[in-house]
Amino acid sequence: MKTIIRGGTLISASDECKADILIDDEKIVRIGINLSTKGIDQIVDAHEKLILPGGIDVHTHFDLPMFNTVSSDDHYTGHKAAAFGGTTTVLDFVPQTGNDLKNDISDWLKKSEPKAAIDYGFHMNISIFNSEVAEQIPSLIDIGVTSLKVFTAYNSTLRLQDADIFKVMRIAKKHGFLTMLHAENGDIIEILVQEALAAGYTAPEWHAHTRPAWGAVEAVSRGISLSAHTDAPLYIVHMNAGGEVDQLAYGRDLGIPVMGETCPQYLFFTVENLKQADGAKWICSPPMRFDEDNERLWQGIMNGTIQVLGTDHCPFFFDGTQPILYEGKEVMIPGKELGKDDFTKIPNGLPGVGDRLPIFWTEGVVKGRITPHQFVALTSTNPAKIFGLYPQKGVIQPGSDADLVIWDPNLKLTYGREWSHQRTDYNLYEGWELEGFPVKVFLRGNCLVDGRKWLGKAGNGKFMRRKPFNRVI
Ligand code: URP
Ligand code: ZN
Ligand code: ZN
């Protein structure tokens with residue numbers, strides 16, 4: 001099947017040009033002016049539109065068991081929501097259940113393969129570390145799982161001690177993994193949570209009060225020092241505090257191989273949202289901070305200290321006792337109500353995989369904070385480069401997968417659940433006025449989204465075997 005996308009303006013991380021794109025089967029084969037239509041099966045008009053490389057969200061949690069429930073988007077519904085928002089590749093985290101990492105990955109693959117509607121890959125959580133695990137880690141490179149997430153929080157479940165993080169990073173350096181760090185101070189959190197509950201403070205805002213920003217800043221600094229000691233690359237996930245940006249800038253200035261990601265929720269919301277009657281909607285870890293933090297994260301994005309905008313998409317229903325309609329069927333999954341009397345029982349996480357590009361375009365590009373090129377770099381090209389997908393993904397050029405978003409910069413709409421397709425009963429951006437939205441989304445040459453029509457199919461997404469880390473950013 002040969003397709004020409006005609007007359008759009010191609011936006012890359014550094015340039016733009018008006019040109020036609022010739023797609024043959026799954027790949028881009030030519031870019032040029034007035035390409036011949038001889039032998040072409042389909043012509044797609046993109047005049048007055050922008051063409052962006054498909055978005056890459058490197059931080060999702062689909063179908064993740066948590067607190068006696070499960071995140072409410074699975075590998076089909078989450079992929080569909082991603083596609084409607086212009087994202088064509090996602091990287092999901094595999095929880096570690098024991099010493100057999102390959103078994104955990106193969107179980108996660110069994111869950112995701114039949115459902116996948118866009119391309120996807122995995123990171124491996126390392127939350128139990130011993131000699132057997134240490135021996136197994138290198139073999140993950142061969143199956144294309146080339147990044148490992150470690151935690152300095154969640155003391156009794158996911159946390160590794162610094163000594164073990166140090167050992168993981170030494171292995172990572174030797175074999176070409178990228179280590180990803182969840183940076184909070186688990187010890188301080190544990191004490192503050194116990195004190196809050198003992199004092200009868202059970203409302204959602206206490207989730208934020210018991211996970212202080214200084215703990216996150218300190219843990220980022222600790223991570224950077226481990227990166228300096230091991231010379232292993234480190235990627236700080238879900239950055240949320242202004243002080244973290246300062247630490248990252250300091251490490252990068254010294255030439256330490258550290259990179260950072262933030263997520264839209266940390267750019268717009270604060271602890272004040274958790275004080276609202278529906279505050280549980282904003283519960284995630286790390287928590288929302290303050291206006292100054294929002295501003296300093298934006299600055300980190302604008303000046304290049306932060307390389308990636310992910311989402312940490314991990315949705316739960318706000319009221320999981322009431323069904324919602326999804327593809328014509330009633331769905332009801334226990335959610336945030338599980339913690340109505342105790343903030344520690346509220347499942348941690350928010351929806352966002354479909355919201356990311358439209359919200360960031362309006363708030364970033366339309367409001368003049370970033371250029372369209374920075375938008376592409378942060379949402380597609382940098383993630384592809386950092387996570388071993390480039391140049392198959394993250395760029396519009398001959399030889400790359402034809403993952404393309406036809407973006408209408410003039411489309412204005414009032415955003416919310418109706419547009420986002422995430423399988424939850426709320427959207428954090430309900431009622432926001434947006435300008436610019438995807439109108440057609442292609443995955444490897446196949447149109448998945450045409451206006452408001454879904455053409456994708458479960459099982460059509462491909463597992464991406466990613467390359468080892470290679471320092472390019
Ligand atoms: O609250 C969140 N973010 N849940 C997902 C797990 C994590 O730490 O990213
Ligand atoms: Zn995390
Ligand atoms: Zn996460």
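Me: Through how many residues does the hairpin join β1 to β2?

Reply: The hairpin that links β1 to β2 passes through four residues. Please bear in mind that this is a predicted model. Strands of a sheet pair through backbone hydrogen bonds, in either the parallel or the antiparallel sense. Here strand β1 (residues 2-11) and strand β2 (residues 16-24) run antiparallel and are joined by eight bridges.

Me: How many bridges join β2 and strand β3, and in which sense do they pair?

Reply: β2 pairs with strand β3 (residues 27-32) in the antiparallel sense, over five bridges. Leu22 has Arg30 in β3 as its bridge partner. The hairpin of β2 and β3 has two residues between the strands, and Asp25 in that hairpin takes a positive phi near 60 degrees.

Me: Where else does a hairpin contain a residue with a positive phi?

Reply: One is the hairpin of β19 and β20, with two residues between its strands, where Arg444 has a positive phi near 45 degrees. Strand β20 (residues 446-450) runs antiparallel to β19, and four bridges join them. Phe442 finds its bridge partner in Cys447 of β20. β19 (residues 433-443) also pairs with β18, in the antiparallel sense and over eight bridges. In that pairing, Thr414 stands opposite Glu433 in β19.

Me: Which residue in the loop between β6 and β7 deserves a look at its phi?

Reply: Asp63 lies in that loop, between β6 and β7 (65-66). Its phi is near 55 degrees, a positive value in a residue other than glycine.

Me: What is the strand order of the open sheet of eight strands?

Reply: The order is β6-β9-β10-β11-β12-β13-β14-β15, and the pairing is parallel. The edges are formed by β6 (55-60) and β15 (308-309), each of which pairs on one side only. For a pair within this sheet, consider strand β9 (residues 87-94) and strand β10 (residues 119-125), which pair in the parallel sense over six bridges. Thr89 stands opposite Asp119 in β10.

Me: Which residues surround ligand 1?

Reply: The shell consists of His59, His61, Lys149, Tyr154, His182, His238, Cys284, Ser285, Asp312, Asn348 and Gly349. By class, two of these residues are nonpolar, seven polar and two charged. The space that ligand 1 takes is the largest pocket.

Me: Which peptide bonds are cis, and where do they lie?

Reply: One of them runs from Ser285 to Pro286, with omega near -5 degrees. Pro286 is placed in the loop between α10 (271-274) and α11 (291-302), and Ser285 is one of the residues around ligand 1. Another cis peptide bond joins Tyr390 and Pro391, with omega about 5 degrees. Pro391 lies in the loop between α13 (372-386) and β18 (404-414).

Note on methods
Residues are numbered from 1 along each chain as its sequence is written. Chains are lettered from A and ligands numbered from 1 in the order in which they are written. This is a predicted model: local features need pLDDT of at least 70, side-chain atom pairs count only at pLDDT 80 or more; totals for chains, interfaces and linings use all residues. Side-chain values use heavy atoms; hydrogens and water are left out. A residue is near a molecule or strand if one of its heavy atoms lies within 4 Å of it. On a 1 Å grid over the protein atoms alone, a cavity is a set of points where a 1.4 Å probe fits but cannot get out, and a pocket is an open set with protein on both sides within 12 Å along at least five of seven lines; lining residues have an atom within 4 Å of a point. A molecule sits in a cavity or pocket if more than half of its atoms lie within 2 Å of its grid points. Ala, Val, Leu, Ile, Met, Phe, Trp, Tyr, Cys and Pro count as nonpolar, Asp, Glu, Lys and Arg as charged, and the others, Gly among them, as polar. Two strands pair if DSSP finds at least two bridges between them.
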